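Please look over the model shown here before reading the points that follow. The notes are meant for someone new to reading structures.

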Amino acid sequence: MAHALVVGLGITGRAVAGALVQRGHDVVAVDDRPDAGTRAAATALGIELVEAPDDTRYDALIAGADMVLPSPGLGDAHRSIVAARRLGVAVRSEFDLAADWDHRPLLAITGTDGKTTVTTLATAMLEASGVRAMAVGNTEVPLVAAIADPAIEVFVVEASSFRLEHSERFAPLVATWLNVAPDHLNLHRSYDDYVAAKARIWRDQDAASYAVGSADDPVVLDRLRQAPARHVTFGLARAADYRVTDGRLVTPTGDELAAVDDLWRAFPHDVTNALAAAATALPGGASIDGCRAAISGFEGLPHRIALVADAGGVAWYDDSKATTPNAALAAVRSFGSVVLIAGGRNKGLDLNVLAMESDRIRGVVAIGEAAAEVEAAFAGLRPVVAASSMGAAVKEAAAMAQEGDAVLLSPACASFDWYESYGERGDDFAIHVRTLTGAQD
């Protein structure tokens, strides 16, 4: 019986603790900021909860454990991880536990942007092919909880940099890396460490597995060359295995998946997401017909350049999921003329890069804690106004916008200054837009 220290009792921590208890392990949980829900979860699980221990107590808890299982949101420098490594105690993730207890195929997807979309679409491709699949990992369903369902044949794992970093060994049948750009630098020690964490998705594969990478991202492509598995590429580059030929998405063997014009939306990242999903799902058991059916029926996910209203010649888009400058830039590049609403809680990233596409931007509304940084990024380049609420931001954007413009909420920052989640932020934006324009939900 192992002695496990679970750090953080969020969704994944509770699933990890429950799975360990179910299998007879001795579990203690630590939470730096416990609330009533955390305490109730510990009581329901029948485990001890140590609340906000000092460093001496932390060291004693870790020294008495066989393994430390940190919450996926804890960064490299968190004291539990630092202490575990100093004391020689194994740091493990839910992926490690799942590998100990279950041997069904895993298809894993990582990347700075697009993980959830590709995970969702790849899962739909498998289901449409008659394969029982479930999207797990960095979702509402941790992998360690999902393996309790014996009916699932394949797990499609959304793999964050933190889950990969905390794993001793992770060897999916198919491992797909979509892209990389600076993100979570408030939690990773450096950008190089962030890239290295992403690259771990390929580290433990073997020659019978598939390493799938973007042909359009030079960092990903360079790391792919070092991967031990079979190499597969996707992207807009002509040399990619999964690519666009004569306006059609095709596989390495030339099978057509869809016409670009028939996609739910045809922004460049929509095309590459569809190609990446097929490159993941087909080696994992999907059929060409299943991939076609899933692409045909897919309508995108909320808060990702989602049209909220089109009124007076101005289109309003909710891209609240864009929590990095790279994601916001991708959204801006999808339009000819934009009024950009940006800001929130910066994740240690350089917001000055937003000005790279200033020729497409008519004006900027700066919001949240990072409003001053957004203003500085566009100073002398484009008109910028600051807004103290989302309602005020929508009104300021309406005043700037002209016929033919897109008003784009693409914050390049996290939502946790004003909101509990990017979804709540996007919903609030949509409410104010519909109120202003009179558009129907």
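This is a predicted model: local features need pLDDT of at least 70, side-chain atom pairs count only at pLDDT 80 or more; totals for chains, interfaces and linings use all residues.

1. Helices α1 and α2. Helix α1 covers residues 11–22, and helix α2 covers residues 36–45. Their axes lie 10 Å apart, at an angle of about 10 degrees. Angles under 35 degrees count as roughly parallel, and that makes α1 roughly parallel to α2. On the α1 side the contact is made by Arg-14, Ala-17, Gly-18 and Val-21, and on the α2 side by Gly-37, Thr-38, Ala-41 and Leu-45. Sorted by class, the residues of this contact are four nonpolar, three polar and one charged.

2. Helices α3 and α4. Residues 55–63 form helix α3 and residues 79–87 form helix α4; the two pack with axes 10 Å apart and at an angle of about 55 degrees. The pair is therefore oblique, and the crossing of α3 and α4 is right-handed. From α3 the contact takes Asp-55, Tyr-58, Asp-59, Ile-62 and Ala-63, while α4 gives Arg-79, Ser-80, Ala-83, Ala-84, Arg-86 and Leu-87. The contact of α3 with α4 has six nonpolar residues, one polar and four charged.

3. Helices α6 and α12. Helix α6 spans residues 115–128 and helix α12 spans residues 288–297. Their axes come within 7 Å and cross at roughly 130 degrees, so α6 and α12 are oblique to each other. The crossing of α6 and α12 is right-handed. Leu-121, Ala-124, Met-125 and Ala-128 of α6 meet residues of α12, namely Gly-290, Cys-291, Ala-293, Ala-294 and Ile-295. What classes of residue make the contact of α6 with α12? Eight are nonpolar, one is polar and no residue is charged.

4. Cavities. Rolling a probe the size of a water molecule over the atoms shows where empty space is left. How many cavities of 30 Å³ or more does a search of the whole structure find? The search finds two.

5. The largest cavity. This cavity holds about 80 Å³ of space. Its lining has 13 residues, and those nearest its centre are Thr-12, Val-16, Pro-70, Pro-72 and Glu-94. Helix α1 and strand β4 (67–70) each supply at least two residues of the lining. The largest share, three residues, comes from α1, the helix that also packs with α2.

6. The lining consists of Gly-343, Gly-344, Ile-367, Gly-368, Ala-414, Ser-415, Asp-417, Trp-418, Tyr-419 and Arg-425. These residues divide into four nonpolar, four polar and two charged.

7. The second largest pocket. The space in this pocket comes to about 370 Å³. The pocket is lined by 22 residues, and the closest to its centre are Ala-99, Asp-102, Leu-106, Arg-169 and Ala-171. Which helix gives the largest share of the lining of the second largest pocket? Helix α5, residues 94–101, gives five residues. The lining has 11 nonpolar, three polar and eight charged residues.

Key
Residues are numbered from 1 along each chain as its sequence is written. Side-chain values use heavy atoms; hydrogens and water are left out. On a 1 Å grid over the protein atoms alone, a cavity is a set of points where a 1.4 Å probe fits but cannot get out, and a pocket is an open set with protein on both sides within 12 Å along at least five of seven lines; lining residues have an atom within 4 Å of a point. Grid points are joined across faces, edges and corners, and a volume is the space filled by probe spheres set on the points. Helices (H or I, at least four residues) and strands (E, at least two) are DSSP runs, numbered from the N terminus. Ala, Val, Leu, Ile, Met, Phe, Trp, Tyr, Cys and Pro count as nonpolar, Asp, Glu, Lys and Arg as charged, and the others, Gly among them, as polar. Axes are lines fitted to C-alpha atoms, for helices over the stretch in contact, and angles run from 0 to 180 degrees between N-to-C directions. Angles under 35 degrees count as roughly parallel, over 145 as roughly antiparallel, 65 to 115 as roughly perpendicular and the rest as oblique. A crossing is left-handed if the near helix is turned anticlockwise from the far one by less than a right angle, and right-handed if clockwise. Contact means heavy atoms within 4.5 Å.
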